[in-house]
Amino acid sequence: MLKGDPGKILSYGMVGGGPGSFIGEVHRRAIGLLGGARLEAGAFSRDRDKSLALGTELGLEPSRIYPDPLTMARTEAALPGGIDFAVIAAPNDVHYPAARAFLEAGIAVVCDKPLALSVEEGEDLAALARDRQLLFCTTYTYSGYPAVKEARRLVASGRLGTLRFVQVEYLQEWLSRPLETEAGADKVWRLDPARTGAASSLGDIGTHAEHLVSYVTGKAITRVAARIEALVPGRGLDDTASILAELEGGVSALIWTSQAVPGASNGLALRLVGSEASLAWRQEDPEVLVLSPFGQGEQRLRRGRDFGPGDLPFHRLPAGHPGGFYEAFAGLYGPFLRALAERKAGHGAGPGGPGDRAGSKPDFPDAEAGLAGLRFMAACGESSRHEAAWTKV
Ligand SMILES: NC(=O)c1ccc[n+]([C@@H]2O[C@H](COP(=O)([O-])OP(=O)(O)OC[C@H]3O[C@@H](n4cnc5c(N)ncnc54)[C@H](O)[C@@H]3O)[C@@H](O)[C@H]2O)c1
């Protein structure tokens with residue numbers, strides 16, 4: 001798609017994604033799948049030596065390996081040919097100050113979820129992106145899967161009939177043990193409230209569940225009755241959430257997320273119940289949708305055979321040659337990079353800007369989607385503090 005068109009090659013910088021980290025490398029590979037952007041700057045770690053070592057390994061000019069995101073934003077904005085966008089793949093507490101610095105410097109942002117540590121921070125970022133007319137992507141990875149996009153299309157087309165109920169569960173096992181007290185636990189920032197936010201697990205996986213529900217159904221969550229708890233004794237932060245939710249139009253949803261389920265890997269599963277058919281998707285079998293029309297049993301719909309890549313042309317492999325997590329990330333980056341390249345070439349200002357036509361909003365989760373996740377978290381927390389009372393989102 002973007003590959004091979006030098007007029008559309010963009011450059012980017014990365015915050016986080018240092019040696020041994022998880023998601024930064026996924027971003028780099030996903031962008032590599034598309035070929036439309038080059039990494040040219042970075043502040044990969046709080047440890048300057050590690051950042052320099054990785055930046056050098058990745059072929060960056062030493063002068064563009066920065067001690068911190070704020071210096072990177074300021075310097076790149078002043079540089080002729082500075083970066084077109086910044087990827088923020090660092091712990092949650094870094095998201096807001098870094099994203100704000102890049103937006104203020106006039107640089108588009110791709111930020112990992114949860115968008116920020118509070119609704120107020122999220123509102124500020126969303127307003128800034130809107131006011132400056134800058135593209136902003138919040139990485140709700142699962143909406144990048146072709147099967148999830150197909151599920152959204154099937155719901156919108158009425159294939160399920162009237163939508164009546166939605167169920168999502170997202171289960172992992174890594175917090176089944178008291179990691180916070182075990183020396184050497186490498187993901188422990190997620191259990192430090194100063195770095196992860198007031199809710200750990202809800203921010204980590206609950207926001208993915210919230211976005212999946214609203215993306216596939218096209219309906220926002222309007223209120224919740226939630227119990228947020230820690231299944232592991234003595235844990236200060238949450239590891240589990242049980243949420244009854246109501247969507248626009250009064251549709252009920254049931255959301256269960258937990259990182260304390262032994263044996264679970266990345267068990268994200270969605271079930272939609274309509275008046276004419278049900279539809280199910282599991283992230284661990286991501287190329288398949290199970291459609292069950294009333295009275296007809298299960299039909300397995302497969303990418304490449306029963307539904308196409310749609311707007312994801314890098315999904316070139318025939319059915320049975322599975323795509324996965326990297327491609328899903330590229331599924332976010334494809335529309336984002338295309339919109340950014342078009343802006344750079346002077347064609348339209350993108351969503352909300354002059355030249356934005358009704359219905360032309362690119363298909364990636366924006367700052368407003370990130371903010372919706374923060375509002376959902378806040379409402380769940382409030383509900384849980386009041387014995388799961390129904391609380392508006
Ligand atoms: N979208 C997704 O599917 C997805 C998946 C996993 C993680 N995430 C999110 O991505 C973020 C990072 O998660 P992770 O699992 O990669 O964490 P990680 O601990 O594996 O990596 C974090 C990286 O950020 C670096 N870092 C820390 N503070 C920094 C700072 N001030 N400046 C620059 N670099 C800094 C660390 O050195 C490390 O390299 C989190 O917000 C997480 O919620 C998103």
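## Two helices side by side: α3 and α4

Axes are lines fitted to C-alpha atoms, for helices over the stretch in contact, and the angle between two of them runs from 0 to 180 degrees between N-to-C directions. In this predicted model, the axes of helices α3 and α4 come within 9 Å and cross at roughly 10 degrees. Because angles under 35 degrees count as roughly parallel, α3 is described as roughly parallel to α4.

On the α3 side, the residues that meet α4 are Pro-69, Leu-70, Met-72 and Ala-73. Their counterparts in α4 are Val-94, Pro-97, Ala-98, Ala-101 and Phe-102. By class, the residues of this contact between α3 and α4 comprise nine nonpolar, no polar and no charged.

Helix α6 spans residues 146–157, and its axis comes within 7 Å of that of α8, with a crossing angle of roughly 45 degrees. The two helices, α6 and α8, are therefore oblique to each other. From α6, the contact involves Val-148, Lys-149, Ala-151, Arg-152 and Val-155. From α8, it involves Leu-212, Tyr-215, Val-216 and Thr-217. The residues of the contact of α6 with α8 divide into six nonpolar, one polar and two charged.

## The nine-stranded sheet

The model contains an open sheet of nine strands with mixed pairing. Its strand order is β13-β12-β11-β10-β6-β9-β8-β7-β14. Strands β13 (299–302) and β14 (391–392) stand at the edges, each with a single partner strand, so one side of each is left without a neighbour in the sheet. Helix α8, residues 201–217, packs on this sheet and touches β6 (163–171), β7 (221–229), β8 (240–247), β9 (252–258), β10 (267–274) and β11 (277–282). The direction of α8 makes about 155 degrees with that of β6.

Strands β10 and β11 pair in the antiparallel sense over five bridges, and they form a hairpin with two residues between them. Within this pair, Val-273 has Ser-278 in β11 as its bridge partner.

Strand β11 is also joined to β12 by five bridges, and these two strands run antiparallel. A hairpin of five residues connects β11 to β12, and Trp-281 stands opposite Leu-289 in β12. Strand β12, residues 288–293, is in turn joined to β13 by four bridges, again in the antiparallel sense. Here Val-288 has Arg-302 in β13 as its bridge partner.

## The largest pocket

The largest pocket has a volume of about 1,200 Å³. Its lining consists of 50 residues, of which Ser-21, Ala-89, Ala-90, Pro-91 and Trp-189 lie nearest the centre of the pocket. The elements that give two or more residues to this lining are β1 (10–16), α1 (23–34), α3 (69–78), α4 (92–104), α8 and α9 (325–344).

Helix α4 provides the largest share of the lining, five residues. By class, the lining of the largest pocket has 24 nonpolar, 15 polar and eleven charged residues.

Technical notes
Residues numbered from 1 in each chain as written. Predicted model: local features only at pLDDT ≥ 70, side-chain atom pairs only at ≥ 80, totals over all residues. Heavy atoms only, no water. Pairing = 2+ DSSP bridges. Contact = heavy atoms within 4.5 Å. Parallel < 35°, antiparallel > 145°, perpendicular 65-115°, else oblique. Nonpolar A, V, L, I, M, F, W, Y, C, P; charged D, E, K, R; others polar. 1 Å grid on protein atoms, 1.4 Å probe; cavity = no way out; pocket = protein on both sides within 12 Å on 5 of 7 lines; lining within 4 Å. Points joined across faces, edges and corners; volume = space filled by probe spheres on them.
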